[in-house]
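I opened this entry to keep track of what I looked up in one structure.

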Amino acid sequence: MCEVAGEQVSTQAPADPAIPDADSVLYVRGISKVFPGLRALDAVDLDIRSGEVHGLCGGNGSGKSTLVKILSGVLRADSGKVRIAGRELEAHQIGPKLVRDLGVRVVHQDLALFPDLSVAENMMLGAGLPVSPVRSVQWRELRRRTRLNLDRFEITATPDALVRDLPIGVRSQVAIARALQDVSSGEGVLILDEPTAALPAHEVGLLLDAIRRLAAAGHAILFVSHRLDEVLAVTQRVTVFRDGRVFAEHRTAQLTESELIDSIIGQGQERRADTARSVPLPAAGAQPLLTIRNLSAGPLREVSLEVMPGEIVGVAGLLGSGRTELLRAVYGDLKRTAGMITVAGKAANYSRVDQAIAAGVVMIPEDRAGSGAFGDLTVDENLSLSVLREYWGLVFRRTQLRSDAEELRQRFRVRAASGSVTMKSLSGGNQQKTILARWLRRKPVLLLLDEPTQGVDVGARSDIHAAIRQVTKTGGAALLVLSDFEELAQVVDRAVVLRRGKITAHVPRERLAARHLNQLIYEETDNHA
Ligand SMILES: Nc1ncnc2c1ncn2[C@@H]1O[C@H](COP(=O)(O)OP(=O)(O)OP(=O)(O)O)[C@@H](O)[C@H]1O
Ligand SMILES: [Mg+2]
């Protein structure tokens, strides 16, 4: 069932670990990488066969993206070797151009798109711009090809749109389409690092179908994900990393979700499930914590909603339904054209987000890189940004700041060499946990959370659920946008469904099953304009 790799492949293998002649397109042997103070990869081995979808799972910071970066040539391994499409390369020989020429295509976790360029320009930077014999860029051809590519994946963006104006889910679709655009049949290697983290169910389905087709055409695919249902649905084998080592390799056909979770976070490890919905009944005559009445803003049309203290209310909807805009309008980050909002009985006419923050309203945006993480500041500084003022007395109490930050890092299990490494050196999921910890420490009264668990591993996900519950147990409330309806159904007390800017359904706790939510989202209703 579960073959512990340490037993089959000794890490004290001979200096020149032989690569067998078999049918794999990609062989990884003994790849190691050390960052200052931290061993990210320790003698990792991995094979992917042609026609195979191979899952790569592991906790936040276990080394998955580091391996992806090494295989795409953007990061150099300290030692080890690979063989790609029959060509053997030592660690120092693996470079971006060579790897690409050998047929490797990669979608990185941070997407690596250029926000200030158009969709068409981004597409073609991956493949080389189409140029005429006199070497001027053929814009018409570029737009035409981009259009085709977008249609293929049902992506709702125009070739001329700037990437930074697109919702994050659409951005990941563009990144995927860019990686796949010049993949023909044959024996390429396709590496997808958490491609579905920001995608709603329908878009995930499209992507998984595309992956299956590519595998059927002979490609070898490495699929990195924390969404274990997807891993089980699309892969044939799964490799699990723990702390930079291969912990196990599983055959998917013989693997259950709970075995996979055990493999990732450790059997017998306490799975904190303090997400139980023990909503205290609001006191008789209690006032709603949040009242939204006839709100119009951006795509939103006459939205009305009340949230009581103690409640976590889910917001379900497709990309573009207005989910994010609903949170932004409450937060004062999107201008409202009509309607009113109150928080704890007071008019909430925030025109700037600092007014919202001062009122105890906190929003954690979906776009981590763009608006949450300060990459060049240290982890501890990032953790403390929301409360910096508290550390100013006669002097700046740096020691106190450090010890408070350390406590937070432990509570949210942020994996970092220390608190003084830069934020951008953290793995994706650890950055997400840091941002959450930063805002939750302010003891907010109203939480506005847009995909708060994106990229977060199974263990940390329940820590985050518990932290949200902590806020609502003490009289706060939360509005929670989640694309993963299984998770939504598990965490929230009730949900609203948004379609084209309107609330089209209220879903009570008893009816929160993911299947029901999915039906509601796609169901045509007649009360939209
Ligand atoms: N440039 C860097 N400098 C220092 N440390 C780094 C750097 N890049 C990654 N690390 C560290 O290496 C470890 C592995 O990171 P990696 O991004 O590979 O994790 P991951 O498995 O992809 O996690 P996640 O699921 O959160 O994306 C982490 O502890 C991370 O902080
Ligand atoms: Mg990663």
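My notes follow in the order in which I looked things up.

**Entry 1, the chain as a whole.** I am working from a predicted model. I looked up the secondary structure and found 18 helices and 21 strands in the protein chain. I then checked burial: 55% of the 529 residues count as buried.

**Entry 2, a sheet.** In what order do the strands of the six-stranded open sheet lie? I read the order as S17-S18-S19-S14-S20-S21, with mixed pairing. At the edges I found strand S17 (361–364) and strand S21 (502–507), each of which pairs on one side only. Neighbouring strands in this sheet are turned by 20° against each other on average, with direction ignored. I reminded myself that strands of a sheet pair through backbone hydrogen bonds, either parallel or antiparallel.

I then took one pair from the sheet. Strand S14 (residues 312–317) and strand S19 (residues 477–481) run parallel and are joined by four bridges. I noted Ile 312 opposite Ala 478 in S19.

Which strands does helix H18 lie across? I listed S14, strand S20 (494–499) and S21 for helix H18 (residues 514–522), which runs at about 25° to S20. Helix H15 (residues 428–440) lies across S17 and strand S18 (446–450), and its direction is at about 175° to S17.

I counted 21 residues around the ligand, the closest being Lys 64, Thr 66, His 226, Ser 427 and Gly 429.

Which distances to oxygen atoms of ligand 1 did I record? For Thr 66, a polar side-chain atom lies 2.6 Å from an oxygen atom of ligand 1. For His 226, a side-chain N or O atom is 2.8 Å from a ligand oxygen. For Gly 63, the atom is a backbone N or O, 3.0 Å from an oxygen atom of ligand 1. Last, I looked up the area: ligand 1 taken alone exposes 640 Å², and the protein buries 87% of that.

How values were computed. Residues numbered from 1 in each chain as written. Chains lettered and ligands numbered in written order. Predicted model: local features only at pLDDT ≥ 70, side-chain atom pairs only at ≥ 80, totals over all residues. Heavy atoms only, no water. Pairing = 2+ DSSP bridges. Axes fitted to C-alpha atoms, helices over the stretch in contact; angles between N-to-C directions. Contact = heavy atoms within 4.5 Å. Buried < 20%, exposed > 50% of the residue type's maximum accessible area, 1.4 Å probe, protein only. Near = heavy atom within 4 Å. Polar contact = N/O pair within 3.5 Å; in protein donor to acceptor, adjacent residues only side chain to side chain. Areas by Shrake-Rupley, 256 points an atom, 1.4 Å probe, with all protein chains shown as cover.
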